[in-house]
Amino acid sequence: LETGNLWAWTAATNMVVETATVHSGSKAVESNVTIAAANMHKTLPSTYSTVYIRVWFRIHTCSTNVSLLSPRTATNVSLLHLYMDCTSNKLGLRNDVTLVNRALASPITLNAWHSVEIKVVVGAIGGLTQVWLDGVDQTSLDSNTDNLGSVNVGDVLIGDSSSARTFDAFWDDAAVSTVWISG
């Protein structure tokens, strides 16, 4: 993003590089949408059975849930996604393979930067998810028995792919690794 464009990403929809509200550096992306999808995704150089994804986000306003990040297969099938429930301002996780939701008990502050990181280990029986919000493990979202299917992670989506969303949000400092990224 610091180059002022989204060329490092495979594709982007309704994401705008901006300089007024950033977590670090001089640029971030903003999506201010009404009943539209807003996201960017990156096809990874390989597929991974274990992956860590971290992004800093800031929700300014929302009237619908806002997806924050989603590990996907190389063919762009979502395994799960972390989201903010805008009715309660709570972080949630939706397993898109089993269609099961898990919600966090404490709310997320609007108009403040937060980091969210997820560890994903793909597996139909022993899949694992672990979530950190602002560096603190969110045990209510963790599971060592998630059914995440058997296809490895090959793509990462930041933002929301649903076309029925209304929100103004910012993302910055996204990272993907095979080891814990932190903060």
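This is a predicted model: local features need pLDDT of at least 70, side-chain atom pairs count only at pLDDT 80 or more; totals for chains, interfaces and linings use all residues.

Colleague: Okay. Take Thr87. Buried or exposed?

Modeller: Thr87 has 79% relative accessibility, so Thr87 counts as exposed.

Colleague: Where is Thr87 found?

Modeller: In the loop between β7 and β8, where β8 covers 90–95. The C-alpha atom of Thr87 is separated by 7.5 Å from that of Thr64. Those two are 23 residues apart along the chain.

Colleague: Now the other end of the scale. What about Trp171, buried or exposed?

Modeller: Trp171 is buried, because its relative accessible area is 0%. Trp171 belongs to strand β15.

Colleague: Which residues touch the most other members of the largest nonpolar core?

Modeller: Leu91, Ile118 and Trp171. That core has 40 residues. β5 gives the largest share of this core, 5 residues. As background, nonpolar side chains tend to be buried together in soluble globular proteins.

Colleague: What is Leu91 in contact with, leaving aside neighbours within four places in sequence?

Modeller: Leu68, Tyr83, Arg102, Ala103, Leu104, Ile108, Val116, Val131, Leu133 and Leu141.

Colleague: Val116 is on that list. What does Val116 stand opposite in β11?

Modeller: Leu133. Leu133 is also in contact with Leu91. And Val116 is the bridge partner of Val55 in the pairing with β10.

Colleague: So how do β10 and β11 pair?

Modeller: In the antiparallel sense, over 6 bridges. β11 is residues 127–133. The two strands form a hairpin with 5 residues between them.

Colleague: Why call β10 largely enclosed?

Modeller: Because 7 of the 8 residues of β10 are buried. The rest of the structure does the enclosing.

Colleague: Back to β5. Which strand pairs with β5 over 8 bridges?

Modeller: β10, residues 114–121. β5 is residues 50–62, and the pairing is antiparallel. Ala169 in β15 is the bridge partner of Ile59.

Colleague: And β4? How many bridges join β4 to β14?

Modeller: 7, and the two strands run antiparallel. Thr43 stands opposite Asp155 in β14. β4, residues 38–48, also pairs with β1, residues 11–13, over 3 bridges in the antiparallel sense. In that pairing, Ala11 stands opposite His41.

Colleague: Where does Asn76 lie, and where is the place of Asn111?

Modeller: Asn76 lies in the loop between β6 and β7. Asn111 is in the loop between β9, residues 100–107, and β10.

Colleague: Why are Asn76 and Asn111 partly exposed?

Modeller: Asn76 has 37% relative accessibility, so Asn76 counts as partly exposed. Asn111 is partly exposed because its relative accessible area is 36%.

Colleague: Last topic, the largest pocket. How much space lies in it?

Modeller: About 180 Å³.

Colleague: Which residues lie nearest its centre?

Modeller: Ser67, His81, Asp160, Ser161 and Arg165. The lining has 16 residues.

Colleague: What is the lining like by class?

Modeller: 2 nonpolar, 9 polar and 5 charged residues.

Colleague: Which strands each supply at least two residues of the lining?

Modeller: β6, β7 and β14. Their ranges are 66–72, 80–85 and 153–160. β14 is also the strand joined to β4 by 7 bridges.

Colleague: Great, that covers my list. Thanks.

How values were computed:
Residues are numbered from 1 along each chain as its sequence is written. Side-chain values use heavy atoms; hydrogens and water are left out. On a 1 Å grid over the protein atoms alone, a cavity is a set of points where a 1.4 Å probe fits but cannot get out, and a pocket is an open set with protein on both sides within 12 Å along at least five of seven lines; lining residues have an atom within 4 Å of a point. Grid points are joined across faces, edges and corners, and a volume is the space filled by probe spheres set on the points. Helices (H or I, at least four residues) and strands (E, at least two) are DSSP runs, numbered from the N terminus. Ala, Val, Leu, Ile, Met, Phe, Trp, Tyr, Cys and Pro count as nonpolar, Asp, Glu, Lys and Arg as charged, and the others, Gly among them, as polar. Two strands pair if DSSP finds at least two bridges between them. A nonpolar core is a set of buried Ala, Val, Leu, Ile, Met, Phe, Trp, Tyr and Cys residues joined through side-chain atoms within 4.5 Å. Buried means under 20% relative accessible area, exposed over 50%, partly exposed in between (1.4 Å probe, protein chains only). Contact means heavy atoms within 4.5 Å.
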